[in-house]
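Colleague: I would like to learn how to read a model like this one, feature by feature. Could you take me through the general idea each time and then the case at hand?

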Amino acid sequence: MPESPITTTETDKQLVKSTLLGETSAFGAIVERYWNMVVALALSKVSDAAEAEDIAQESFLKAYSQLPGLRDPSRLAGWLSKITIQQCSNSLRKTVRHRRTLRCRATPVEELDERPAMTANPGLTQNQIQFVRQTVRRLPEKFRTLIIMRFVAGLSTVKIAEQLGKRPGTVRVWLHRAYKILRKDLAPLLEEVKSL
Amino acid sequence: MTCEKYKNLIEKYVEGIISDGQIAELKTHAETCESCREEFERCVLLQDVVKHAFSSPLAAEQAGASLVAKLSAEPNLRLRPARFGTALFAGKRVAIAAGILLAVGLFLGFAIGRTGKSAWTPLTAQVPISAGKIEGTVLVRHEGSDVWQALDTGSNIYLGDTFHSTAMSACVLKLDKKSTLELNQNSMLVLKLYNDETQFFLEHGECTASLQSPHGPFFINTPHGRVEALGTEFTVKVIDE
């Protein structure tokens, strides 16, 4: 089985334990491990990358302060994902209120250009990135979380089921449904990327 | 081996539960089978595209170091001692609290409902009318109640009260210092708020009004019409046909 970028739950337990004993660097390791997943979860709810990173930071700070209350440290990723989704909802509520006050609108998608995106993959343009993000955002929330945990965090369906407290069979079915939708909706983009 | 087996392997790849040996096997098969190759390549590409579209420009190591520095720099950001559950269990706590409140509310409502009959307090406003001289037995029923009580001299009168004088009985309602309304025997009178004014409705029987002169508009309503006081004394009689 290919190595998951995220190591075993025992290590999560150890990191949580060390953080609780006052080792801040252990929490740094937790952030390092789940940073991409948390940012991706935020990006699956908000459109602005900088805002998503702010949400990720806030989520980790909240997680840090509430870490003593974490009942099962082996389910750290699932716990973090729930905190992140909650933070996204709070942030969206604030943004709506702010926009109502200022009566301004979100940046239209048409304004985005064809410049290469500032991500790890220089092959995708900003427009293509936005297209993928919007396609994922259209998925139901339970599918979105699964897609991020599977494809971004690299967790297997078995581990995702453990983290979210679901049955592996349910997670498998949801993942395949989400995958089927993405495969259909992203087909033109996949052809475009493939031909390059 | 059939392609069905490799389709299952591709599904396992999507789920992240495929072994290295199975991946090698799949790749070998894909070299000779075009449809499986296309399917596998699309699967790998889709995962890459999603991963890269959602990757953060800020490296994870940098983010970790930055947060650790922030935690060290700000003493306010401390580990909070574990309370009853965490934010994730806040919903449960709220549900429990709501349940307790509901139970207490139901208990109080039941208890008040049971004791309410014996210690009944009228809900409508008290009006500046009082019961004067009473002969025989005159009954009063407050609005919203089914209980008839004997009217006593000096009793407070409330909006919505219904007065019933039995045979050989009568009562006087004092409207102010000099004006009175006398309810004769076998009569029923209701005090109601109508057009923001306290008004009398004579359902049946007879009543006599003695008003101080000069007086403002004064009416007695009956099932057949409304009688206005033009002088200082008059009697209204409602007879059932």
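Modeller: Read along the sequence, chain A of this predicted model follows the pattern α-α-α-α-α-α-α-α-α, which amounts to nine helices and zero strands. Of the 196 residues in chain A, 39% are buried, and among its contacts between residues at least 6 apart in sequence, 61% join residues at least 24 apart.

Colleague: How does one describe two helices that pack together, and at what angle do the axes of H2(A) and H3(A) cross?

Modeller: Two packed helices are described by the angle between their axes and by the distance between those axes. In chain A, the axes of helix H2 (residues 24-43) and H3(A) come within 9 Å and cross at roughly 135°, and because of that angle H2(A) is oblique to H3(A). The crossing in which H2(A) passes H3(A) is right-handed.

Colleague: Which residues of H2(A) and H3(A) meet there?

Modeller: From H2(A) come A:Phe27, A:Val31, A:Trp35, A:Val38, A:Val39, A:Ala42 and A:Leu43, and these meet A:Ala49, A:Ala52, A:Glu53, A:Ile55, A:Ala56, A:Ser59, A:Phe60 and A:Tyr64 in H3(A). By class, the residues of this contact divide into 13 nonpolar, one polar and one charged.

Colleague: Turning to the two chains together, how many residues of chain B are in contact with chain A?

Modeller: There are 41 residues of chain B in contact with 59 residues of chain A. On the chain B side, helix H1 (3-15), helix H3 (34-53) and helix H4 (60-73) each supply at least two residues, and the residues of that side divide into 23 nonpolar, 10 polar and eight charged.

Colleague: How is the packing of H9(A) with H3(B) described?

Modeller: The axes of helix H9 (residues 187-195) of chain A and H3(B) come within 11 Å and cross at roughly 100°, so H9(A) is roughly perpendicular to H3(B). Here A:Leu190, A:Val193 and A:Lys194 meet B:Arg42, B:Leu45, B:Leu46 and B:Val49, a contact with five nonpolar, no polar and two charged residues.

Colleague: Chain B also has strands, so what is the general idea for their side chains, and which strands pair with S9(B) in the antiparallel sense?

Modeller: In a regular strand the side chains alternate between the two faces of the sheet. In chain B, strand S7 (residues 180-183) is joined to strand S9 (residues 197-210) by four bridges and runs antiparallel to it, with B:Ser210 as the bridge partner of B:Thr180. Strand S8 (residues 187-194) is likewise antiparallel to S9(B), over seven bridges, and B:Lys192 stands opposite B:Gln199. The hairpin of S8(B) and S9(B) has two residues between the strands, and B:Asn195 takes a positive phi near 55° there. Strand S12 (residues 233-238) pairs with S9(B) in the antiparallel sense over six bridges, and B:Gly205 stands opposite B:Val238.

Colleague: Which way does S10(B) run relative to S9(B)?

Modeller: Strand S10 (residues 219-222) of chain B runs parallel to S9(B), joined by two bridges, and B:Phe201 stands opposite B:Asn221 in S10(B).

Methods. Residues are numbered from 1 along each chain as its sequence is written. Chains are lettered from A and ligands numbered from 1 in the order in which they are written. This is a predicted model: local features need pLDDT of at least 70, side-chain atom pairs count only at pLDDT 80 or more; totals for chains, interfaces and linings use all residues. Two residues are in contact if their C-beta atoms, placed from the backbone, lie within 7 Å. Ala, Val, Leu, Ile, Met, Phe, Trp, Tyr, Cys and Pro count as nonpolar, Asp, Glu, Lys and Arg as charged, and the others, Gly among them, as polar. A residue is buried if 20 or more other C-beta atoms lie within 10 Å of its own, exposed if 12 or fewer, and partly exposed in between; C-beta atoms are placed from the backbone. Axes are lines fitted to C-alpha atoms, for helices over the stretch in contact, and angles run from 0 to 180 degrees between N-to-C directions. Angles under 35 degrees count as roughly parallel, over 145 as roughly antiparallel, 65 to 115 as roughly perpendicular and the rest as oblique. A crossing is left-handed if the near helix is turned anticlockwise from the far one by less than a right angle, and right-handed if clockwise. Two strands pair if DSSP finds at least two bridges between them.
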